[in-house]
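These are my notebook entries, written while I had the sequence and the model open side by side. I went from one residue to the wider picture, one look-up at a time.

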Number of protein chains: 2
Amino acid sequence: MSVEEIQKAKKAVEFSREQLEGILRGRFFYAPAFDLYGGVSGLYDYGPPGCAFQANVVDVWRKHFVLEESMLEVDCTMLTPYEVLKTSGHVDKFSDWMCKDPKTGEIFRADHIVEEVLEARLKGDKEARGIAAQPVEESADKKKRKKKVKEIKAVKLDDEIVKEYEVILAKIDGFSGAQLGELMVKYDIGNPVTGDKLEPPKAFNLMFETAIGPSGQLKGYLRPETAQGQFLNFNKLLEFNNGKTPFASASIGKSFRNEISPRAGLLRVREFLMAEIEHFVDPLDKSHPKFHEVKDITLSFLPRGVQESGSTVPIVETIGNAVATKMIDNETLGYFIGRIYLFLTKIGVDPTRLRFRQHMDNEMAHYAADCWDAELQTSYGWIECVGCADRSAYDLTVHSQKTKEKMVVRQKLETPIEVTKFEIDLTKKLFGPKFRKDAPKVESFLLNLSQEDLKTKAKELADDGKVTFTIEGIEGEVELDDKFIKIEERTKVEHVREYVPSVIEPSFGIGRIIYAIFEHSFWNRPEDVARGVLSFPPLVAPSKVLLVPLSNNKELQPITKQVSDILRKSEIPFKVDDSGVSIGKRYSRNDELGTPFGVTIDFDSVTDGSVTLRERDSTKQVRGSVEAVIKAIKEVTYQGVAWDEATKDLTPFVSQEAK
Amino acid sequence: MSVEEIQKAKKAVEFSREQLEGILRGRFFYAPAFDLYGGVSGLYDYGPPGCAFQANVVDVWRKHFVLEESMLEVDCTMLTPYEVLKTSGHVDKFSDWMCKDPKTGEIFRADHIVEEVLEARLKGDKEARGIAAQPVEESADKKKRKKKVKEIKAVKLDDEIVKEYEVILAKIDGFSGAQLGELMVKYDIGNPVTGDKLEPPKAFNLMFETAIGPSGQLKGYLRPETAQGQFLNFNKLLEFNNGKTPFASASIGKSFRNEISPRAGLLRVREFLMAEIEHFVDPLDKSHPKFHEVKDITLSFLPRGVQESGSTVPIVETIGNAVATKMIDNETLGYFIGRIYLFLTKIGVDPTRLRFRQHMDNEMAHYAADCWDAELQTSYGWIECVGCADRSAYDLTVHSQKTKEKMVVRQKLETPIEVTKFEIDLTKKLFGPKFRKDAPKVESFLLNLSQEDLKTKAKELADDGKVTFTIEGIEGEVELDDKFIKIEERTKVEHVREYVPSVIEPSFGIGRIIYAIFEHSFWNRPEDVARGVLSFPPLVAPSKVLLVPLSNNKELQPITKQVSDILRKSEIPFKVDDSGVSIGKRYSRNDELGTPFGVTIDFDSVTDGSVTLRERDSTKQVRGSVEAVIKAIKEVTYQGVAWDEATKDLTPFVSQEAK
């Protein structure tokens with residue numbers, strides 16, 4: 001089979017998710033966790049091939065990003081105290097809205113319910129009008145959910161109502177809980193099965209809560225992202241990097257999200273592996289020294305404007321042009337988008353099923369200034385697998401304000417600059433007598449006033465001779481006159497520029513990427529549709545070689561052991577299959593595990609030391625010495641050499657499978 | 001410096017924990033987590049060198065164990081429902097005893113308090129008697145804690161009381177909470193500072209609790225070990241292994257332990273990385289096919305008997321003899337002890353500070369039948385870093401009983417055997433009418449009775465014509481006569497043997513091992529005591545190469561970039577230090593990071609392409625082409641070639657440091 005024939009064969013049979021999932025579970029790529037106890041939804045275990053695949057993906061990630069860019073990898077705790085996540089905004093904002101059915105006790109996600117019910121009504125309306133429902137591209141998230149509205153009733157709606165529904169659906173990700181509640185009342189949206197009224201939407205925080213220590217008084221959460229640990233260590237990381245920016249930290253580890261009702265297999269889980277990068281950069285200079293390396297890559301982009309116009313037709317463009325035209329804001333963002341593309345395609349993502357979609361204003365996380373998602377197309381729709389967000393200075397700023405620790409970069413200026421700003425002077429000796437134990441609190445509050453506040457208060461002080469403040473933790477208003485404080489606008493020459501860096505954050509959901517690759521790699525042999533093949537790139541395949549003695553004959557055992565020892569010494573992951581079944585069956589089993597190479601040992605091997613090497617996708621076979629075959633395996637797997645090139649000195653061999 | 005001179009130098013200066021910890025924190029190997037927020041005790045983050053070191057240790061572990069033995073690695077969730085850990089025994093038994101001081105609210109570990117107070121009294125007694133306190137070898141755990149008893153009062157005790165105290169201290173790990181409470185009353189043991197009475201000991205479960213899902217009704221915990229996930233997947237793993245034993249599963253991941261008051265730095269933490277192996281083996285045949293590979297390794301053993309005699313002098317013996325004399329129970333346990341030794345010494349553990357200690361009867365975990373700990377000597381005492389337990393069939397049995405799922409190996413017998421056992425027959429048609437909806441429950445209960453129960457009930461049935469049972473979930477007693485059931489002893493010929501495998505579990509605390517290696521690797525250059533060196537084996541060193549351009553001169557930049565690119569392409573982790581400080585200072589900084597090699601670029605490099613290679617421990621330098629130098633680095637780092645051998649074709653170079 002030539003490369004073109006393989007490509008054609010891969011697309012010959014229609015994709016069946018049932019068959020793929022049957023293989024993935026049957027071969028123990030993954031399984032529902034606690035299966036033996038009935039399972040817990042949203043929790044999955046990886047079995048040996050899934051776990052090895054994941055380890056290989058992580059290994060490539062580490063080399064592709066951490067090693068390549070000399071990133072500073074850290075490993076921070078998952079347990080996180082309340083205070084940190086309160087400051088980061090997660091305690092208040094990391095939640096979904098849920099509605100309870102008071103009769104059945106069932107719990108629904110409010111936005112999903114509104115969306116599903118209105119869509120069902122619109123469909124019913126179309127039926128009543130005799131219009132064929134248009135095949136609308138559904139959001140990935142929607143496709144993943146089991147539909148709750150089972151029956152579509154053909155009821156015609158007023159034209160105005162249809163319009164109202166359509167407007168609501170277009171903005172569905174942007175409503176607050178209260179707004180969702182109002183919609184449910186206004187349009188009489190209840191339990192989609194029984195129609196019963198639901199309780200008003202309540203915020204459900206998606207973090208898992210726990211208590212740290214024996215007294216139970218220190219409330220904590222399991223982290224929702226690895227990012228916070230990296231931000232909290234910013235000063236130490238900056239020092240480790242000799243005070244220089246830009247630099248990036250990185251972290252690989254589990255994060256948690258207590259989903260209200262997870263239902264989409266590996267795509268929506270409660271515990272998941274993330275790999276996150278926080279790239280700290282000067283907000284005034286987001287150029288990137290290696291941008292030229294990615295600028296000529298052509299990608300599919302779905303910018304905000306296109307989506308707002310109601311279209312899902314991507315703009316196909318080079319990264320260089322996308323940055324030049326400001327579709328992508330800056331070089332650093334563009335550089336990482338390019339690197340994400342290179343990573344994903346290296347580990348087996350089909351580039352024709354990858355697009356970069358910009359977040360709409362109403363769907364952005366609370367900390368993000370801009371965000372592009374790498375979305376992968378699967379049978380569940382387009383799935384967000386990598387986020388590439390510009391978190392600006394949000395996180396460093398809030399943690400710094402909360403803890404009163406500076407988190408800034410100090411840049412020595414080649415030419416000093418004049419800076420005009422408001423400054424406050426305190427007559428410290430007066431504070432103690434007046435405020436007693438509260439004095440430090442008042443002083444710290446005053447010294448941390450923003451430029452804007454200082455400007456306002458300077459005027460107040462000039463006009464009235466006194467100013468008042470409300471300070472957290474102090475009862476009543478604090479009044480100060482010009483004996484206590486002086487506020488002036490001053491111009492100074494500065495030799496050092498201090499700034500809070502912006503953060504560009506590529507954030508990878510490893511489990512989602514892995515599932516998408518499962519779909520992108522799966523095909524059926526056209527000559528035998530029941531035979532599924534997982535064509536993983538050798539670099540990330542769980543095992544690289546299946547070692548197959550032709551029969552159970554004892555004569556073959558010494559050379560099988562010998563080849564095993566050589567593979568083990570070469571650190572090539574392999575598996576021996578000396579079960580009695582036919583070679584064809586064993587290869588077929590192996591196709592399902594995505595093992596790229598088969599090495600067959602037969603009776604000629606005993607006499608002349610030669611073995612057969614089989615390539616999974618083409619089923620091509622070649623023959624040579626053990627050393628030559630292992631050399632070819634290594635070249636294809638780890639050095640990216642093409643099969644034909646790596647095996648050009650080996651002898652073509654007639655397939656045993658055909659016999 | 002010759003190898004002997006380095007060895008001598010490493011021991012010349014007395015070890016200072018303060019200096020080591022200063023370096024580890026200063027170079028951001030680790031830091032207290034949430035430092036910015038005041039920290040949370042028992043939680044630590046790894047910074048870039050610590051994280052890289054950890055990743056390398058994990059990588060070696062995976063190759064040394066998983067790849068070498070074709071183990072089945074799995075990745076299971078940390079979130080674990082209540083039911084699973086109730087069955088495993090952790091809900092009831094994974095706890096420490098704590099006492100609260102009702103006045104101060106302070107919480108103490110009961111066993112620690114009893115131990116410390118009695119020891120302080122014994123010391124006071126010795127002082128009163130004018131006997132110099134003997135330097136007793138304190139337990140590691142004790143040394144790690146901050147002493148709470150600040151003042152030793154010289155009070156003479158009755159001879160009998162002294163004896164009683166000594167007996168209690170020898171058995172301190174074996175007391176129940178009630179017993180500890182009695183001791184505290186009997187000997188008037190209270191708050192060690194104020195003397196005030198404490199509340200009676202209460203069990204404090206060491207698992208972190210949380211709720212899964214929005215209703216809050218599914219109680220869960222963070223796993224205390226990775227093992228349970230492996231046990232629950234036993235049937236799937238056995239099938240993956242084509243039904244054959246022995247085989248091993250393995251898992252690397254975080255586990256959690258809500259310590260009452262953690263205080264010993266990286267040695268006692270609330271969230272930690274574990275690497276665990278569950279080796280499933282026939283309980284009747286614990287031989288190991290590769291035992292011969294380890295049998296000649298000589299180790300220090302501290303078996304139970306030696307400890308019971310009050311001695312800490314180890315028995316030095318080969319593993320082969322230890323198994324032959326039954327000091328170690330079987331070959332499989334011996335094999336893993338040998339493999340653990342090879343792993344630990346490969347990654348930098350000093351073999352002279354490693355011993356294998358057998359658990360005493362009263363300290364064994366609730367699931368263990370036998371256990372040997374690999375203990376590493378540190379400034380905190382001997383620390384348990386790897387446990388090697390025989391969990392027998394405990395876990396598979398309890399999960400199987402709870403879930404009514406068989407978890408057994410089926411072995412086809414070459415010669416069928418006769419088996420005599422009790423069997424129960426149910427007259428099923430009678431159960432429905434009598435028990436209605438409870439019928440399946442009653443039937444399942446009866447079919448799962450043990451041989452022992454069947455024997456008892458058979459006699460009862462024969463004697464009385466009826467038997468009674470208490471069945472969980474059914475009110476009152478269940479009475480059945482011989483119309484309902486028949487119990488008979490029968491002899492049958494069986495062709496298949498079914499058995500629950502025994503589990504041998506080597507369990508690695510990666511963080512503890514890493515800390516011990518930090519201590520074992522640390523020394524000071526005798527010529528400059530302030531200079532600390534971390535002599536990590538190159539294989540696990542966080543970074544392998546420091547690339548040092550001699551000066552800031554722009555002429556050196558192109559070749560520095562060129563060498564960087566080659567290192568990056570060779571996937572050798574490296575760091576460039578082009579800061580302005582002297583070469584000596586840069587090397588010294590680097591010694592603290594444990595980087596084994598320095599590559600210096602000077603003006604000769606620009607003309608002839610040669611660079612200098614420096615070895616960290618000996619400070620020896622050689623010169624050669626970039627290619628030759630990188631080849632030497634690779635050989636020493638990844639292929640275990642000795643420095644002298646790998647650099648024999650390079651030219652010796654006079655040190656720049658001396659100048």
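This is a predicted model: local features need pLDDT of at least 70, side-chain atom pairs count only at pLDDT 80 or more; totals for chains, interfaces and linings use all residues.

I then looked up where B:K286 sits, and found it in the loop of chain B that runs between β11 (271–281) and β12 (298–302).

Is B:K286 buried or exposed? I noted a relative accessibility of 16% for B:K286, and because the cut-off for buried is under 20%, B:K286 counts as buried. I also listed what B:K286 touches when its neighbours within four places in sequence are left aside, and I wrote down B:V281, B:N330, B:E331, B:T332, B:D390 and B:S502.

Next I turned to B:Y587, which I found in helix α21 of chain B, residues 583–593. B:Y587 is buried, with a relative accessible area of 1%. I compared its place with that of B:F53, and noted that B:Y587 and B:F53 are 534 residues apart in sequence and 19 Å apart in space, taken from C-alpha to C-alpha.

Rolling a probe the size of a water molecule over the atoms shows where empty space is left, and I wanted to know how many cavities of 30 Å³ or more the structure holds. I wrote down eight cavities of that size, and for the largest cavity I noted about 160 Å³ of space.

Which residues lie nearest the centre of the largest cavity? Its lining has 13 residues, and those nearest the centre are A:Y44, A:Y46, A:V269, A:E271 and A:F272. In chain A, β2 (44–46) and β11 (271–281) each supply at least two residues of this lining, and the largest share, three residues, comes from β11(A). Sorted by class, the lining of the largest cavity has seven nonpolar, three polar and three charged residues.

Two copies of a chain are related by a rotation about an axis and a shift along it, so I looked up both values. Chain A is superposed on chain B by a rotation of 180 degrees with 0.0 Å of shift along the axis, and the RMSD is 0.1 Å. I recorded this as the relation of a two-fold axis. The C-alpha of chain A nearest the axis belongs to A:T210, 2.6 Å from it. Finally, I noted that the same surface serves both copies, as 100% of the contact residues of chain A recur in chain B.

Conventions: Residues are numbered from 1 along each chain as its sequence is written. Chains are lettered from A and ligands numbered from 1 in the order in which they are written. Side-chain values use heavy atoms; hydrogens and water are left out. On a 1 Å grid over the protein atoms alone, a cavity is a set of points where a 1.4 Å probe fits but cannot get out, and a pocket is an open set with protein on both sides within 12 Å along at least five of seven lines; lining residues have an atom within 4 Å of a point. Grid points are joined across faces, edges and corners, and a volume is the space filled by probe spheres set on the points. Helices (H or I, at least four residues) and strands (E, at least two) are DSSP runs, numbered from the N terminus. Ala, Val, Leu, Ile, Met, Phe, Trp, Tyr, Cys and Pro count as nonpolar, Asp, Glu, Lys and Arg as charged, and the others, Gly among them, as polar. Copies are superposed by least squares on the C-alpha atoms of residues with pLDDT of at least 70 in both. Contact means heavy atoms within 4.5 Å. Buried means under 20% relative accessible area, exposed over 50%, partly exposed in between (1.4 Å probe, protein chains only).
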